[in-house]
Every structure is written in C-alpha cells, then in structure tokens.
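Colleague: Hi, could you walk me through this model? I'd like to hear about strands, surface and aromatic rings.

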Amino acid sequence: MRTMNLIKVVFIFLAISTSSFINAQSPVLRHYSTDQGLSSLETYHVFQDSKGYIWISTTNGVSRFDGYTFQNFEEQDGLSDNVIFETIEDYKGRIWFVGFNCKLSYYENGKITLYPYNKAIEKLVDSRMLSVKSSFYIDRNDNVYLSISTRGILKFSPKGIPTQLNQPSANLADIIERDHKLLVVQ
C-alpha cells in the first residue's frame, strides 16, 4: 500500500514539474486581403465547392481560392455584374453566381457563361425599385429558382419560361421548400 502511495506522489510530481514544458497547439489563422490577391475586402458569401475550391463573392467580382493563390473573375470575364451576392454549385458541378442586378452566370469547364435567360429576369425585376435577391437554386431538371424581394419566388424553366410561385407579402419572410432546399423571400 505504501508503495502505491509513493508511486502516486512521484507521478503527480512528474506531471506538475513537466507541465510547464508542455504547450498545447495553437490554431493557425491566416488573414487574406487584397495584398494576397483577394478581389475585394467587402465580401457577401463564401462557399466551398465539391472540388475543394473556395469561392468568395465580393463587390469586385468573385475570387476562387485553391489554398495557395486567388483567381479573380469580373464582368469582363463573363460575370453578369461585378457585385456578386452569392455563389452556389448545382448538381452538374457548375458554379453559379447571382449579381446585384439579379442576373445569373455560371462557371463551367474553365469559363464563365451568362445565363441565357437573363433578359427574362430583367423584365421581371422592377428597375424603379431596389430588387434584392434573397436566395436561388437550380434543380435536377435545370429549373432555376430565384427569389427577389419585389417579386417573390420565380421559377424559370430550362427554356426560360418564368412562373410565379408566390407573391411578395408583408411577412418578415416567406419560405418555400424545393428538393430539400429552402428558398426564402424577405
């Protein structure tokens, strides 16, 4: 019994005396700015795609980060607007962007393409009022769902034919579920 107590005392002494030499790991935090290649410090959305790229939606286009370097995209590269509010990935692996102007574009096979039915969106967005995109989604049938504050939730068929799914209301938010995704109008 006395031997057990002696072992406990020695163990406690060793634990206390060596604890000052042992340090826990500190997390590595990196700060990225325009100095490292980010297109703008004002960001709206950050998204990681299925290939591991991080897409950052900013006031000056979109930045794609591979863990080492940034690649920046702007209107001149095919974006619908330089102010991009959100980035999502669809079931085909295309990366979609929605701009301040509520128009869409997508990245596929190394290039950005404008959504062919942006004119239909433009006709439905009231240019006299500030229309703000709340959410958007592309389903497996290539229907595009876009919620706009002044119009409610709109569905565009693969041929660009719009359907109004709801009317904007005075509620704080309306929510519609499609394919286990929530579309919100605020």
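Predicted model: local features only at pLDDT ≥ 70, side-chain atom pairs only at ≥ 80, totals over all residues.

Colleague: Thanks! How do β3 and β4 run, and how many bridges join them?

Modeller: Strands β3 (residues 61–65) and β4 (residues 70–73) run antiparallel, joined by four bridges. Strands here are DSSP runs of E with at least two residues, helices are runs of H or I with at least four, and both are numbered from the N terminus. Two strands pair if DSSP finds at least two bridges between them.

Colleague: And which residue stands opposite S63?

Modeller: That's N72, in β4. The hairpin has four residues between its strands, and G67 takes a positive phi near 100° there.

Colleague: On to the rings. How many aromatic pairs are there?

Modeller: The count comes to 13. Rings of Phe, Tyr and Trp (its six-membered ring) pair if their centres lie within 6.5 Å; planes under 30 degrees apart count as stacked, over 60 as edge-to-face and the rest as tilted. Take Y32 and F65: their ring centres are 4.9 Å apart and the planes are at 55°, so this pair is tilted. Y32 lies in the loop between α1 and β1 (43–48) and F65 in strand β3, 33 residues apart.

Colleague: Are those two buried or exposed?

Modeller: F65 is buried at 8% relative accessibility, whereas Y32 is partly exposed at 29%. Buried means under 20% relative accessible area, exposed over 50%, and partly exposed in between (1.4 Å probe, protein chains only).

Colleague: What about Y44 and F85, how are their rings arranged?

Modeller: Y44 and F85 are edge-to-face, 4.9 Å centre to centre with 80° between the planes. Y44 lies in strand β1 and F85 in strand β5 (residues 84–89), so the pair ties together parts 41 residues apart in sequence. Y44 is partly exposed, at 35% relative accessible area.

Colleague: Nice. Which charged residue sits over the ring of Y53?

Modeller: R64 does, with its charged end 4.0 Å from the ring centre. The rule asks for NZ of Lys or CZ of Arg within 6 Å of the ring centre and within 35 degrees of the ring normal. R94 also lies over the face of Y106, at 5.3 Å from the ring centre.

Notes:
Residues numbered from 1 in each chain as written. Heavy atoms only, no water.
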